[in-house]
Amino acid sequence: MFIALVCYLFGVIACVATPTKQYIPKITPDLALQKKLEEQLALVASDEAVRQQLNQAMKFRTLLCQRCHGVDGHSRNGRCPNLAGQNPTYLLQQLQHFSDGQRQDFQMQSMVRKMADADKVAVAIYFSSMPPRPSTVGKSDQITKGKSVFHTRCAQCHGAQGQGPYTYPLLAGQLPEYISMALHEFRKLNSRRRTSIMREIASTLSEADIKVLAAYISTME
Ligand code: HEC
Ligand code: HEC
């Protein structure tokens, strides 16, 4: 599991490479871009003028994104995830995965293909700086069951609060329809997210688990 995680983190599909056909991983560009993200995050955090400049520019540059992901990073369509407060490292990594085809989605891939690396970094910072909020509220037996499944099966990676550091996504407050869709997608034989570490994990979940997890996660703050 540890080896799988390390390989995953560096975007290496080499884990499955056979001796006859060597896979050359794209480690260098991925890491270089993640480093750029760290530099930009530090700059934005230390310089208010830069932060405002970035926000102003991104408000317009992300107009198209907002149509699906919401003006404030909260989507109204269960197929599109909320991006508000999402970990910047995860956001950038997923944009890279759409670019290099590790993650497949027709709409996202056609948009990301035209995006410059610097824009991917700026977009990741912009959406991550928006405050997240739960997408559903309330109490039910389902939610209580979901909480117990989450804390035994998911919290070790995604964090007890569902915040997840670095490349582990923030799940807390995500739309229940999206959580359910993503978990079903990971389980598919021909998954659109075929290099994800989640594939193995999701394949052990029952339909009932997915239902209660989606209910609980969407209420987490
Ligand atoms: C036409 C609707 C649409 C538009 C416009 C759109 N997206 Fe998406 N986006 C989606 C859908 C649908 C998904 C989920 C794809 C999947 O099922 O894997 C997604 C997923 C994502 C993800 C992955 C998030 C996660 O939680 O894994 C990121 C990051 C993202 N979009 C960023 C953007 C950015 C940046 C833009 C603007 C350049 C944008 N999107 C524009 C529909 C859209
Ligand atoms: C071994 C660590 C690990 C465990 C355990 C784990 N996850 Fe994940 N999960 C990840 C990583 C890493 C990603 C993001 C990378 C990817 O999908 O390629 C992810 C992604 C996801 C996503 C997609 C989020 C998005 O925005 O698209 C969902 C949903 C998810 N996990 C739910 C769960 C649930 C529910 C559990 C418990 C049953 C769980 N995970 C357990 C590591 C883990």
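At what angle do the axes of helix α8 (residues 141–153) and helix α12 (residues 207–217) cross? They cross at roughly 100° and come within 7 Å; axes are lines fitted to C-alpha atoms, for helices over the stretch in contact, and angles run from 0 to 180 degrees between N-to-C directions. That makes α8 roughly perpendicular to α12, where angles of 65 to 115 degrees count as roughly perpendicular, under 35 as roughly parallel, over 145 as roughly antiparallel and the rest as oblique.

This is a predicted model, in which local features need pLDDT of at least 70, side-chain atom pairs count only at pLDDT 80 or more, and totals for chains, interfaces and linings use all residues. Residues are numbered from 1 along each chain as its sequence is written, while chains are lettered from A and ligands numbered from 1 in the order in which they are written.

**Overall fold**

The protein chain has 12 helices and zero strands. Helices (H or I, at least four residues) and strands (E, at least two) are DSSP runs, numbered from the N terminus. Buried residues make up 30% of the 221 residues in the protein chain. A residue is buried if 20 or more other C-beta atoms lie within 10 Å of its own, exposed if 12 or fewer, and partly exposed in between, with C-beta atoms placed from the backbone. Among contacts between residues at least 6 apart in sequence, 68% join residues at least 24 apart; two residues are in contact if their C-beta atoms, placed from the backbone, lie within 7 Å.

**Helix pairs**

Two packed helices are described by the angle between their axes and the distance between the axes.

| Pair | Axes come within | Crossing angle |
|---|---|---|
| α8 and α12 | 7 Å | roughly 100° |
| α3 and α7 | 10 Å | roughly 100° |

In the pair of α8 and α12, the axes cross at roughly 100°. Residues of α8 in this contact include Ile143, Val149 and Phe150, and those of α12 include Val212, Leu213 and Tyr216. By class, the contact has eight nonpolar, two polar and four charged residues. Here Ala, Val, Leu, Ile, Met, Phe, Trp, Tyr, Cys and Pro count as nonpolar, Asp, Glu, Lys and Arg as charged, and the others, Gly among them, as polar. The buried residues of α12 are Ile210, Val212, Leu213, Ala214, Ala215, Tyr216 and Ile217, and they pack against α8 and α10.

Helix α3 (residues 48–61) has 14 residues, of which one is buried, so α3 lies largely in the open. The axes of α3 and helix α7 (residues 117–128) cross at roughly 100°, which makes the two helices roughly perpendicular. Leu54, Asn55, Met58 and Arg61 of α3 meet Asp119, Ala122, Val123, Ile125 and Tyr126 of α7.

**Ligand shells**

Of the 20 residues around ligand 1, Cys65, Cys68, Pro81, Gln94 and Asp105 come nearest; a residue is near a molecule if its C-beta atom, placed from the backbone, lies within 6 Å of it. The largest share of this shell, five residues, comes from α4. The shell has 12 nonpolar, four polar and four charged residues.

Ligand 2 is surrounded by 20 residues, the closest being Arg153, Cys154, Cys157, Ala182 and Ser196. Two or more residues each come from α9 (155–158), α10 (176–187) and α11 (198–202). This shell divides into 14 nonpolar, four polar and two charged residues.

**A loop residue**

Tyr166 is found in the loop between α9 and α10. Its phi is near 50°, a positive value in a residue other than glycine. Tyr166 is exposed, with 12 other C-beta atoms within 10 Å.
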